[in-house]
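Thanks for coming, everyone. Let's take a quick look at this one together.

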Amino acid sequence: MSAQFDKLLPLLVNGGIEFILIGGVAGNIHGSARLTFDVDVVYNRSKANFEKISELLQPLTPYLRGAPPGLPFKLDLPTLRNGLNFTLTTKLGDLDLLGEVVGGGTYKELLPHTFTVEAFGVKFKCVDLPTLIKLKTAAGRPKDLESIAELQALLEESER
């Protein structure tokens, strides 16, 4: 299921979740034309943020993407505290909640490499383009590697 970016991102912002947008939607913010089907965020791993995330997402029935049906799973404070990265499916589409990312680290480590963007009627933090390229390079997945040339061209264009 494709994520409903126009609903999911405002929900996170209006719920007071501390996050940084990365991944394909961040690429789109920077001008990428590539299709993406999920929202990838690096979230602050504070207790207050865990509580907000678990409360906010419960009505969306979050479930581990790709897990067999019926597997016991509840996105709550203990789950968030004991886990790190969650690839979820929700009523608003796929959401990757990442506590740490290869090549970029944690929310606090990525924070200096962000800017505030206004999109979908709200303001939120988005990773800057050089860091997004670094993250996609470090991930090394074919789909990430395929996007780097376009992102590099966008970076070069923005530096002119």
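Predicted model: local features only at pLDDT ≥ 70, side-chain atom pairs only at ≥ 80, totals over all residues.

Now step back into the helix. α6 covers residues 129-139, and α7 covers residues 142-158. Their axes come within 9 Å and cross at roughly 160°. Anything over 145 counts as roughly antiparallel, so α6 is roughly antiparallel to α7. The crossing is left-handed.

Who touches whom? From α6, the contact residues include Leu129, Leu132, Ile133 and Lys136. Among those in α7 are Leu145, Ile148, Leu151 and Leu155. By type, the residues of this contact divide into ten nonpolar, three polar and two charged.

Which α6 residues are buried? Leu129, Thr131, Leu132, Ile133, Leu135 and Lys136. α7 is one of the elements covering them. The cover also includes β1, α2, β6, α5 and β9.

On to the rings. There are four aromatic pairs. Take Phe5 and Phe120: a tilted pair, 6.5 Å centre to centre, with 55° between the planes. Phe5 is in helix α1, and Phe120 is in the loop between β8 and β9. They are 115 residues apart. Phe5 counts as buried, at 17% relative accessibility. Phe120, at 34%, counts as partly exposed.

Next, Phe19 and Phe124. Their ring centres are 6.0 Å apart and their planes are at 25°, so this pair is stacked. Phe19 belongs to strand β1 and Phe124 to strand β9, 105 residues apart. Phe19 is buried at 4% relative accessibility, and Phe124 is buried at 5%.

Definitions and conventions
Residues numbered from 1 in each chain as written. Heavy atoms only, no water. Axes fitted to C-alpha atoms, helices over the stretch in contact; angles between N-to-C directions. Helix = DSSP H or I, 4+ residues; strand = E, 2+ residues; numbered from the N terminus. Parallel < 35°, antiparallel > 145°, perpendicular 65-115°, else oblique. Left-handed = near helix turned anticlockwise from the far one by under 90°. Contact = heavy atoms within 4.5 Å. Nonpolar A, V, L, I, M, F, W, Y, C, P; charged D, E, K, R; others polar. Buried < 20%, exposed > 50% of the residue type's maximum accessible area, 1.4 Å probe, protein only. Phe/Tyr/Trp six-rings, centres within 6.5 Å; stacked < 30°, edge-to-face > 60°.
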